[in-house]
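Here is my note on the interface of two chains. Please read it with the model open.

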Number of protein chains: 4
Amino acid sequence: MSALMKAAVFVEPGRIELADKPIPDVGPNDALVRITTTTICGTDVHILKGEYPVAKGLTVGHEPVGVIEKLGSAVIGYEEGQRVVAGAICPSFTSYPSQDGFPSQDGAYLIPSGRCGCHGYKATAGWRFGNLIDGTQAEYVLVPDAQANLAPIPDGLTDEQVLMCPDIMSTGFKGAENAGIKIGDTVAIFAQGPIGLCATAGAKLRGATTIIAIDGNDHRLEIARQMGADVTLNFKNCDVVEEVMKLTGGRGVDASIEALGLQSTFESSLRVLKPGGTLSSLGVYSEDLTIPVDAFAAGLGDHRIVTALCPGGKERMRRLMNVIESGRVDLGPLVTHHFALDDIVEAYDLFANQRDGVLKVAIKPA
Amino acid sequence: MSALMKAAVFVEPGRIELADKPIPDVGPNDALVRITTTTICGTDVHILKGEYPVAKGLTVGHEPVGVIEKLGSAVIGYEEGQRVVAGAICPSFTSYPSQDGFPSQDGAYLIPSGRCGCHGYKATAGWRFGNLIDGTQAEYVLVPDAQANLAPIPDGLTDEQVLMCPDIMSTGFKGAENAGIKIGDTVAIFAQGPIGLCATAGAKLRGATTIIAIDGNDHRLEIARQMGADVTLNFKNCDVVEEVMKLTGGRGVDASIEALGLQSTFESSLRVLKPGGTLSSLGVYSEDLTIPVDAFAAGLGDHRIVTALCPGGKERMRRLMNVIESGRVDLGPLVTHHFALDDIVEAYDLFANQRDGVLKVAIKPA
Amino acid sequence: MSALMKAAVFVEPGRIELADKPIPDVGPNDALVRITTTTICGTDVHILKGEYPVAKGLTVGHEPVGVIEKLGSAVIGYEEGQRVVAGAICPSFTSYPSQDGFPSQDGAYLIPSGRCGCHGYKATAGWRFGNLIDGTQAEYVLVPDAQANLAPIPDGLTDEQVLMCPDIMSTGFKGAENAGIKIGDTVAIFAQGPIGLCATAGAKLRGATTIIAIDGNDHRLEIARQMGADVTLNFKNCDVVEEVMKLTGGRGVDASIEALGLQSTFESSLRVLKPGGTLSSLGVYSEDLTIPVDAFAAGLGDHRIVTALCPGGKERMRRLMNVIESGRVDLGPLVTHHFALDDIVEAYDLFANQRDGVLKVAIKPA
Amino acid sequence: MSALMKAAVFVEPGRIELADKPIPDVGPNDALVRITTTTICGTDVHILKGEYPVAKGLTVGHEPVGVIEKLGSAVIGYEEGQRVVAGAICPSFTSYPSQDGFPSQDGAYLIPSGRCGCHGYKATAGWRFGNLIDGTQAEYVLVPDAQANLAPIPDGLTDEQVLMCPDIMSTGFKGAENAGIKIGDTVAIFAQGPIGLCATAGAKLRGATTIIAIDGNDHRLEIARQMGADVTLNFKNCDVVEEVMKLTGGRGVDASIEALGLQSTFESSLRVLKPGGTLSSLGVYSEDLTIPVDAFAAGLGDHRIVTALCPGGKERMRRLMNVIESGRVDLGPLVTHHFALDDIVEAYDLFANQRDGVLKVAIKPA
């Protein structure tokens, strides 16, 4: 196929620009998806700034909502023309790490398994779109291991309604799932950006009944209440650790969710934890972390620190879309701005600078 | 490929016979494996007797040990000539049920997923060899979804040493895993055929420290001791339920494993259970089961009844072969007889009639 | 203390009547609670009818809401005059079964532990009020192991709001917890009496997004929708199993909850289950159960059947009251009638005959 | 009771000495135990050095093996004269944290629960002997909450055989339990002091089949092999992280267990971990810890870090003694020296300076 498409590519640090690229060929296990809506993620901003390295010329973006244009010969049970999403993380599901329970860490295609004893584990290697292969901020994207990753969109749901499923919602919910929440738990969630807001919604879905949302932005705290927060704390107005301990009568929270990636939020997440509690970490850290020995009870506090990479796969997507369809969670308030793909440089500028109360932008090729 | 191979096929109830069949073609996700050793399972005897229906002309057998003859174009990380096993159950791992945690129930290739809302679940449909597709009692077998299912055999292990991995060992160990064993548990295992013996070995591996093995055959009970049983009971010589309750001081066992498939063993497994205990069921039942209301504490005993189908996939096989390689478990005593593929009718006769103290037979094509 | 109190006692099958009994003495680990509100449970009706045997003269009832009148010498951290609830199940929490994870099966006070090897397990023996010791349908009740069982009522909650915590809510929620619900699950709940309605509310709290509630009473199905049901089915108007399979596109439900105690509901709960699904059973069965071999996939379906007895203890009560306080669940619609303790015979008559749309009755001594 | 007993008391940093103290009175929930054997723990050395503060005059030691001298009035099911152990950690089991699943963090007796909203959580407060109340290096010890904590010693086991149950064995095994080991796992254990050796034995009991034990002392590595290690690495002779990665073909281990309490062992435990792996931490840290961002995959590696405090209670002790009785684990090689209580100052000197290949010392009052 020699036809061309528009795609947002990483040129060099500071420059992501539209370019013409060939529409990719479809192998037996692939699917070509025509993008109808995608979005920009905080990670893309790190790529833009050169803080997270990707190959020059790579198409960026990892959140595909679209229509099946062409199916590989070995992919069954789908039809061309069907509306689908795929996760930001596209595991093969056939590798050793996938079968071992960690599809997001699935580096099967990077490191051949076999006699050598290598088993294909590579941290975060399940994340391919806009990282290892061309991504979704384009007119078309090639979905690898399509049989495992194409998830049909239920009739009646709009692109905007499912746009958070591939990454933000899957990540935020995983934070709540990893927190081991039980009915009646008290949970504190540090930072209420898009992922933190989804973690708040997820904590409510799992049965937490005292949800404390923390941020420095009152508007985000207001949306946190819509997502399920019972109490909101603006860290600019109070000592958050002290306040949470007071709210829990000195007991601490059953679980805390870190949704930013800084030492300060990580540390506060630990300090508010009851002995026996779980710190569920979602942030992407750029520096070494310190665990204060007192907050850690010298290692004797039955604490758990759990990290996660966004789960992908068609079953995960099916479940998340079911949550939307059920009306349990409405992520509508998260999509604050719309742009055409042609204007994506402008969209990056707005999003990277967090102007105009932006939470998430919807990008449409056509 | 129009070359022919020998294969044991189901002709009609009472007749499994050798026949010539074409060596199969290899699709992009397949691998052709030349069988070096296989075995006969109790399930094959049900097929032979017509108690479990399969298509006439199907090659039977589901336990492949062999050498890669030819790889599909999309299968990477293996070499032709490599020694491999594959599980009796060959899931795709890409389907909804696989991603949902139940690869053995993976009916993806039977029921197309998609708009229709069907999700490909079909009980036991992960079992393909000798059930839905041609099996392993042949010179060659075609392994579907080969990327997920081919497991290289570690150097230094013989075919006989890994012959139990595809089914018997995987099933028996799953019985122990499903029992939720904790260190210091007391576990009773009902029936000490090959699967029960592997369940006994598995219970020891998980930390049970009082293992009670039950059978009617003293020779099997002797082997049970080699596998880890601390106490053996011959049900012909005692009231097993009474004896187990006496051994546990009236407390009951933490878990029981049913490894036969009869009402009597199922019921005894329940009667010896402590309130809060788990009944891990491995048997293939051919009739409705009765749960006696008293043994079930009227439904108020915090009991769990858990069933399983043999887990497959290359990661499972890798782990089981690691167990063998470590010397923790020696399943050597289970392979009691050897036959050439040419003599498989004779092997069936011996095995089906449980003559000569047979536990498992090794079948070799060449 | 020789003062007298009024108490509803079991006289003989068919007769529960008010009688004068001495107010009990308080041992070092006890607390005397003045009942302000209690209720009648379906189990009490079985006692009334002589279907569940208790000692003649025993005070019945197991749902205490009241005020601490007197504390044992070894009970610390409470004050006389404090408003409290205690669970219907009052475990010691110190016994072997409690420490083993099964406090509801805590028979420590029945079977001395020690040299004999007995470990104090006895199914359902954690249930003491109105079963093994005098119960709560009285002016006062003696709470054993008070340190473990007294749960202070948060200011601002009325007796009626917490009246379901000791039994119905704890049981129904346990049904949802045992179902192993994941975000996005489809769950079917068979029977929408008070326990089934609480199971419906519990399934929603755990993240099920397609909840199918089943009953034969349209009024109860209407309340089921208030509790979180997405779909309701009246078994008088349809073939429930067929309908559920249709609703799930042939897949079956992730979990089903049985909340009645009949063969028919148990069997339907199994028939609608996906391979890999969990049947969470709450019913009290009075007859042997049959597991149909086809619905059970011959034992190869990776099915789980899990039973439960209502969890008790002050931490459980604290959590349930937190759920009420958070406004996540409103069980107000369940308390349909009010009676004075003096009129309890009349209350039994109404409740036992399910007249006047009764769900639960509140009984007040004063 | 005004009789006197000998006890080893903390006088001031650098001085633990024998003193005469009154034999304690027995309250309703207590038991007085005559110590027949106890031991010295590494924690006691920290107390001796003044690194861990306790009250002056406190009797030290937390590992009781002895005979019931006198039972409190409310303690049932035991007999005076019975041989018992109790855990180093003596939870009440009735408190909020105990019922919440964290008995070792049970501060119920420190912080009254009730109206104030305090719930009695205090990190490590389940550890009372030789920390908050008089300990076991004495002729007698008072066991609080005796109903929950007295565990009868099975006939036929010597004091020496069960001497590790109260602390070292319970802690080491918990490290293996927290590691989430599955059959066929590869596990690395950093440091092979008494706790590390028990963690090695525990990893084997849970089904790990490649156990890599690491220490700087060849004698301890030799004992590690007796406990179940398949491979031993002396960190003085190799780069341990590099070696483990080589041994696992670049994959990393499924779980690592940290059994020392230093930054270096903590960090190496993280560096050898596969994405998705668990770091089970047992060490008592005296300084802040650093998590290197690369070893942590920037927080995206699906890693888990889990800490633990030694589990106590009679059920735990019963299970550990069952392990010993079964012959699965022989901790005999750990008791290298014997002392009379009269010579305990000398015992401290030997143990604190790790002279003469000492692993653990047995101390006998009579």
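**The interface of chain A and chain D**

1. Across the interface of chain A and chain D, the rule finds 21 residue pairs in polar contact, both residues at pLDDT 80 or more. A polar contact is a pair of N or O atoms within 3.5 Å; within protein, one must be able to donate a hydrogen and the other to accept it, and residues adjacent in sequence count only if both atoms are side-chain atoms.

2. Strand 12 (273-281), strand 13 (289-291) and strand 14 (304-307) of chain A each supply at least two residues of the side that touches chain D. Strand 14 of chain A gives the most, with four residues. Strands (E, at least two residues) are DSSP runs, numbered from the N terminus.

3. The model is predicted: local features need pLDDT of at least 70, side-chain atom pairs count only at pLDDT 80 or more, and totals for chains, interfaces and linings use all residues. Residues are numbered from 1 along each chain as its sequence is written, chains are lettered from A and ligands numbered from 1 in the order written, and side-chain values use heavy atoms, without hydrogens and water.

4. Strand 14 of chain A and strand 14 (residues 304-307) of chain D run antiparallel, joined by three bridges. Arg304(A) has Val306(D) as its bridge partner.

5. A salt bridge puts a side-chain nitrogen of Lys or Arg within 4 Å of a carboxyl oxygen of Asp or Glu. Arg251(A) and Asp100(D) form a salt bridge at 3.6 Å, N to O.

6. In contact (heavy atoms within 4.5 Å) are 46 residues of chain A and 46 residues of chain D.

Technical notes
Two strands pair if DSSP finds at least two bridges between them.
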